[in-house]
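Here's a quick briefing to read with the model open beside you.

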2 protein chains.
Amino acid sequence: MSEAFPTVGLLGGGQLGRMLIEAANRLNIKVNVLDTGASPSKLIAAHGGHIDGKFTDRASIQKLAASSDVLTVEIEHVDTHVLEEVARDGHKVEPSWQTIRTIQDKFLQKQTLVKADVAVAKYEELQKGTEEELSAIGDRLGYPLMLKSKTQAYDGKGNHPVYSAADVPSAISTLKDRPLYAEQWADFSMELAVMVVKTKDQVLSYPTVETVHEDSICKLVYAPARNVSSRINAAAQDLARRAVACFTGKGVFGVEMFLLRDGRTLLINEIAPRPHNSGHYTIEACRMSQYEAHLRAVCDLPVAADALRMREPAVMLNILGGADPHSHLRIQRAALALPGASIHMYAKGDARPGRKMGHVTLTRDTVAAAEAALQPLLDLVAAVRAERIDIAQPKPSPAPPTPQLRAQPGDARPPSVAVLMGSDSDLKTMTAGLDVLERFGIPHTVRITSAHRTPTVMADFATAAAASGIKVIIAAAGGAAHLPGMCAAYTSLPVIGVPVKASVLDGVDSLYSEVQMPRGVPLATVGIGNSTNAALLAARILGVSDAEIRGKVQGYAEDAETEVRGKDQRMDQVGRQEYAKGMGI
Amino acid sequence: MSEAFPTVGLLGGGQLGRMLIEAANRLNIKVNVLDTGASPSKLIAAHGGHIDGKFTDRASIQKLAASSDVLTVEIEHVDTHVLEEVARDGHKVEPSWQTIRTIQDKFLQKQTLVKADVAVAKYEELQKGTEEELSAIGDRLGYPLMLKSKTQAYDGKGNHPVYSAADVPSAISTLKDRPLYAEQWADFSMELAVMVVKTKDQVLSYPTVETVHEDSICKLVYAPARNVSSRINAAAQDLARRAVACFTGKGVFGVEMFLLRDGRTLLINEIAPRPHNSGHYTIEACRMSQYEAHLRAVCDLPVAADALRMREPAVMLNILGGADPHSHLRIQRAALALPGASIHMYAKGDARPGRKMGHVTLTRDTVAAAEAALQPLLDLVAAVRAERIDIAQPKPSPAPPTPQLRAQPGDARPPSVAVLMGSDSDLKTMTAGLDVLERFGIPHTVRITSAHRTPTVMADFATAAAASGIKVIIAAAGGAAHLPGMCAAYTSLPVIGVPVKASVLDGVDSLYSEVQMPRGVPLATVGIGNSTNAALLAARILGVSDAEIRGKVQGYAEDAETEVRGKDQRMDQVGRQEYAKGMGI
């Protein structure tokens, strides 16, 4: 049995390579980097195996192949003809040179996907690259459309929008002398991305995330994507895996796609044959990062589907260069002050405006909570961008879009429990439970909303609750007592119902109304008027994933046990008659 | 405003330094390492600032101080007299040279703790180091006791147990010529550890973990500690913070302590003024690792208490050198096949038997689940150890201690839901709910246990459920229907009660018995016989921390909506009379 792991030869030494080497260092796998100078990747791997040269240079690539067991890339703009030669000479190249060559040419990439029946926007090749030809295509595809260079296009460079026939001349003149094609405008509501891992015998995928671009550069990644139904999520996973299955070789692939405004149609935008900006979040949010997955895939080490699942939702924010060479350090400083933010700086030296200098990932229990916590940094990023592109200083952003919910006055944390009452007359019943939430330090919002008198408000609140970071809803109602059950109908969160004793029937009316929910919409009902137990049940539910709260539930039970044992001891000591006197019996 | 971060000078270049530099690389903070040769730390920081020399060498330490803004250590066996000199010359040393000097000498360390009223085992100094002196101490402290070298003691070296007066001569002869003290034997049931972060104005702590030693070397860390009450946990946190508050300077400190067999008494064992083996788990299990916390503390960058909380329970296993220089690679290979295991190899080259070559951290939803998943690796580690110490090949270990629970036949995952029935006659009622759990792919165990006929089994099951990885209990009962409520009394998990309709009273008896629980012990009651809603409620509860399950709950609701709308459409199209015919009305 050979014990040694293969030596990896890496074409390109930027931040993607740096994070790949971070993963390689942990496994003690040697990576030889081919790039010019002291690139970010080389700085964290001190050995003599690196090569100083361009990743498009024949002799350098050959030298890298000779000193490594398997070649891979962290950028696709390499010389695939040399890769083809070294592969023919018996060197391993992952993914294959054919895959890299096809993906380099976006037109070829689209043709390959269409052949495999993978959905992409309609497109047509420009044979001559003339205005007449583009006008004719515009008539067929309709406006707006996007004129694109087949090759050497990234971060918005090499693309030109054509809003109407009037834009044809400027588009052609901007991209002249390049190989071109035109693409139907994707009228999307959202951009999604999926990192796919292709091993020697499997095609696995990371969760579906949402990407937000600004100035044609990826700015934010929300993991998982916000407000995407389970159907769309499954469709995106399937589409991404089918797209990557078209290509030969091993490694991770970044698949970017559009979700159109119809809310149903997904189209592949483009594919990268390597780790991708939209997958940075995996370092913290998943048990195995995209970098380790890439390394394992190209080295034929095991990759488990389970390791690609998300362990915590996350938001990723790129740190870009600003107006002066140190602007990005202001963002780093602010990120250092964000509790629990994971910062990755790429050690690129001085920044150019818009250059990717690092990124920050914030994980929280929900995407909404991460988004809310990130807001101060987003404000600063907007200010740094304003300096850079010489636009007016933006106004401080308003409160973050979600959650609008506040906990009790003086508690700055986003609430995790919502306590709803059909009427303020229920507050007397609910006070004991609210005291428990306070004692346990569980942030909560208390609202008055009625299923019958404010039906729309109730529905909106329950619908938005999960996205606002609420994890459990407690609802109290008397009489017909529809509020708890109706809330349960509008949310997938656990809802606890407290039947309140109204003027007649001793609360049995409310109890029946709450507990006898139809099959399909569950409601956790507690005893009549027993808000204490509703709060304790909410704490037990939160305790499933929060050890601190679970500890408090245990402590509460220990205290109750001590109290009852103390009473028992006292009655045993003083006798039941004396004891009764103390009780005023 | 100066934008640059301080350059850190690190005495020692082993694995702790390596993981510190991994954190420094992410923040783009430069760390100059003082150690001999190409030590593990230097290998991941390629720059000309490292110094080739011993961390006990005066000239080397002075050179390091001259080229760095702040000095710190990854090992405490440094020359504190030189540190004192450079500190007097105005260089920053964190933690202070006084702290390192005090901690180097375990006797001085104990004296310092005792002075601050921090609990330690009783001890006495040996002034002369003679047998007579030790015998006299033995008479006073009692046997067994531990004879300890004040200095240069680690991983069991420098300690000698003295079980009775008969062991006095061998103990003295083994440790002769060393400065000695004797310590009362700590009759402990468990070893606990807490990593403490001391910043310029705060003393913060990571969670309390459990450490397991073998051959006097740390083998396993369970985070959080298993079966430790919230009271002991709070006491351990308090003790650790008070202990570290005794020392001056900034950085992280590893605090090891004993929990004695009385289940109440905690005694400090020893303190390390640096990152510690018992804190490796923080890399994956917390949002900020002990390494980043150390770096931030010594550089006066912000450390938030929130970032030290555990985001996922974990088990850490050290990978030690075995009989041949490559034995540990077998363990690494096996770890690569464990889904989601995070592997850290230290790049130390060939191994010596028992040398720390790397470690593996496995995070899961519960410690029990991580422990169960780690079992194959523990078996292999036992086999590699057996080769190393030349003992008989151990038998394959029995099934892991917890969880004993199995999901349904054919499902290898540990169950997250337990479905309990007071009698098999309840199965008919429960089948619809069990089908929902299956449809959602939620692993579950189904058991028959009666509050009245098997009261002890019921109590034991409910008591152990949380530690076995169960997250929600569903219990069904008819008539007096005590099972769900009694389960809730024995656990801090959320319990869902299903009232079953018995022969009389239409199930109202069971409903009242379940829903009307006393204040303090909550039970989530659903409608009579409505096991579907019990299962859906369990799914909603799991969905609070599991996005995949939440997605399935949404999908279920979407399907139900589609079904009702389809029926509505059909009735609208064909008319109510035709529709009624289809229903056989």
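B:Tyr512 is partly exposed, with a relative accessible area of 34% (buried means under 20% relative accessible area, exposed over 50%, and partly exposed in between, using a 1.4 Å probe and protein chains only). Bear in mind that this is a predicted model, where local features need pLDDT of at least 70, side-chain atom pairs count only at pLDDT 80 or more, and totals for chains, interfaces and linings use all residues. As for bookkeeping, residues are numbered from 1 along each chain as its sequence is written, chains are lettered from A and ligands numbered from 1 in the order in which they are written, and side-chain values use heavy atoms, with hydrogens and water left out.

**Aromatic pairs**

- Over all chains, the structure holds 15 aromatic pairs. Rings of Phe, Tyr and Trp (its six-membered ring) pair if their centres lie within 6.5 Å; planes under 30 degrees apart count as stacked, over 60 as edge-to-face and the rest as tilted.
- One of these pairs is A:Tyr512 with B:Tyr512: the ring centres are 6.5 Å apart and the planes sit at 20°, so the pair is stacked.
- This pair crosses between chains, running from helix 16 (residues 508-515) of chain A to helix 16 (residues 508-515) of chain B. Helices (H or I, at least four residues) and strands (E, at least two) are DSSP runs, numbered from the N terminus.
- A:Tyr512 is partly exposed too, at a relative accessible area of 33%.
- B:Tyr123 and B:Tyr181 have ring centres 6.4 Å apart and planes at 85°, so they make an edge-to-face pair.
- That pair links distant parts of the chain, with B:Tyr123 in strand 6 and B:Tyr181 in strand 9 of chain B, 58 residues apart.
- B:Tyr181 is buried, with a relative accessible area of 1%.
- In chain A, A:Phe107, A:Tyr123 and A:Tyr181 form one aromatic cluster.

**The antiparallel sheet in chain B**

- Four strands of chain B form an open sheet in the order 6-9-7-8, with antiparallel pairing. Two strands pair if DSSP finds at least two bridges between them.
- Strand 6 (123-125) and strand 8 (159-162) of chain B are the edge strands, each pairing on one side only.
- Neighbouring strands of this sheet are turned by 20° against each other on average, direction ignored. Axes are lines fitted to C-alpha atoms, for helices over the stretch in contact, and angles run from 0 to 180 degrees between N-to-C directions.
- Three bridges join strand 6 of chain B to strand 9 (residues 180-184) of chain B in the antiparallel sense, and B:Tyr123 has B:Glu183 as its bridge partner in strand 9 of chain B.
- Helix 5 (residues 106-115) of chain B packs on the sheet, touching strand 6, strand 7 (145-149) and strand 9 of chain B, and its direction makes about 130° with that of strand 6 of chain B. Contact means heavy atoms within 4.5 Å.
- Helix 6 (residues 131-141) of chain B also packs on the sheet; this helix touches strand 6, strand 7, strand 8 and strand 9 of chain B, at about 160° to the direction of strand 6 of chain B.

**Strand 2 of chain A**

- Five of the five residues in strand 2 (residues 31-35) of chain A are buried.
- Both faces are covered: A:Val31, A:Val33 and A:Asp35 are on one side, A:Asn32 and A:Leu34 on the other.
- Strand 1 (residues 8-11) and strand 2 of chain A run parallel, joined by four bridges, and A:Gly9 has A:Asn32 as its bridge partner.
- Strand 2 of chain A also runs parallel to strand 3 (residues 51-52) of chain A, through two bridges; there A:Leu34 stands opposite A:Ile51.

**Helix 2 of chain B**

- B:Ser60, B:Ile61, B:Leu64 and B:Ala65 are buried in helix 2 (residues 58-67) of chain B.
- On the other side of helix 2 of chain B, B:Lys63 and B:Ala66 are exposed.
- The buried residues of helix 2 of chain B pack against strand 1 (8-11), strand 2 (31-35), strand 3 (51-52), strand 4 (70-73) and helix 3 (80-88) of chain B.

- B:Thr445 lies in strand 19 (residues 444-448) of chain B and counts as buried at 4% relative accessibility.
- B:Ser164 sits in the loop between strand 8 and helix 7 (168-174) of chain B and counts as partly exposed at 31% relative accessibility.
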